[in-house]
Structures are given as structure tokens and as C-alpha cells.
Amino acid sequence: MLRQHLHWRRLIGATVQIRQHGQLIRTGIVDDAMSDSTALWIAGDATQPRTTYEAAHGIEVWAHPEEAEDGICYRTTSTAPSHD
């Protein structure tokens, strides 16, 4: 399950979705990010060049929790854990 990340620097090297005003505009790997999360760079690939995205333009960054360096991880299961 994807979630929005507010600390973009923790996502360097992660595959993310870039959304603007709720619309998906690109998926890619975070190449670099400002420490204050005002901008980040998505690495270039076969179809698109390295691109800067800025929070001031309504950009949101979404990724799986395990992609972040902040150690936030969880797993959803359909059964309760055993107490053995």
C-alpha cells in the first residue's frame, strides 16, 4: 500500500510516484532531494530526462513504506499473530 511521504530526502534511491493535485504524473527513482523537502529530482530513464519536482507546485511523493530510509515498515495480515 502506498502512502504519502513528507520527508523526501529519506527516499533517495527509492521508487516513488509523483502526484500533482491528486493525479499521477510520473513514477521513478529519487535521485536527490532538498533536506527541507521543497524539491526533489527523479532520475532520468529510457523515456524521460532527470526532472525536478517542487512542493510549491502541488507535488506529492508517494511510496511503499519499506522504501523509506526512516525504517517505517509494516505488514498487513489476514489473521492474528500466534501467541505460541
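A contact here means heavy atoms within 4.5 Å. Keep that in mind for V61, which touches R3, Q4, H5, W8, L11, V16, Q17, I18 and L40, leaving aside residues up to four places away in sequence.

A word on the source: this is a predicted model, where local features need pLDDT of at least 70, side-chain atom pairs count only at pLDDT 80 or more, and totals for chains, interfaces and linings use all residues. Residues are numbered from 1 along each chain as its sequence is written, and side-chain values use heavy atoms, with hydrogens and water left out.

The protein has six strands and zero helices (DSSP runs numbered from the N terminus: E of at least two residues for strands, H or I of at least four for helices). Of the contacts with a separation of 6 or more, 48% join residues 24 or more positions apart.

Now the inside. Of the 84 residues, 29% are buried, meaning under 20% relative accessible area with a 1.4 Å probe, protein chains only. The largest nonpolar core has 13 residues, and V61 is among those with the most contacts inside it, along with L11, V16, I18, L40 and I42. Such a core is a set of buried Ala, Val, Leu, Ile, Met, Phe, Trp, Tyr and Cys residues joined through side-chain atoms within 4.5 Å.

β6 gives the most, with three residues.

Notes
Buried means under 20% relative accessible area, exposed over 50%, partly exposed in between (1.4 Å probe, protein chains only).
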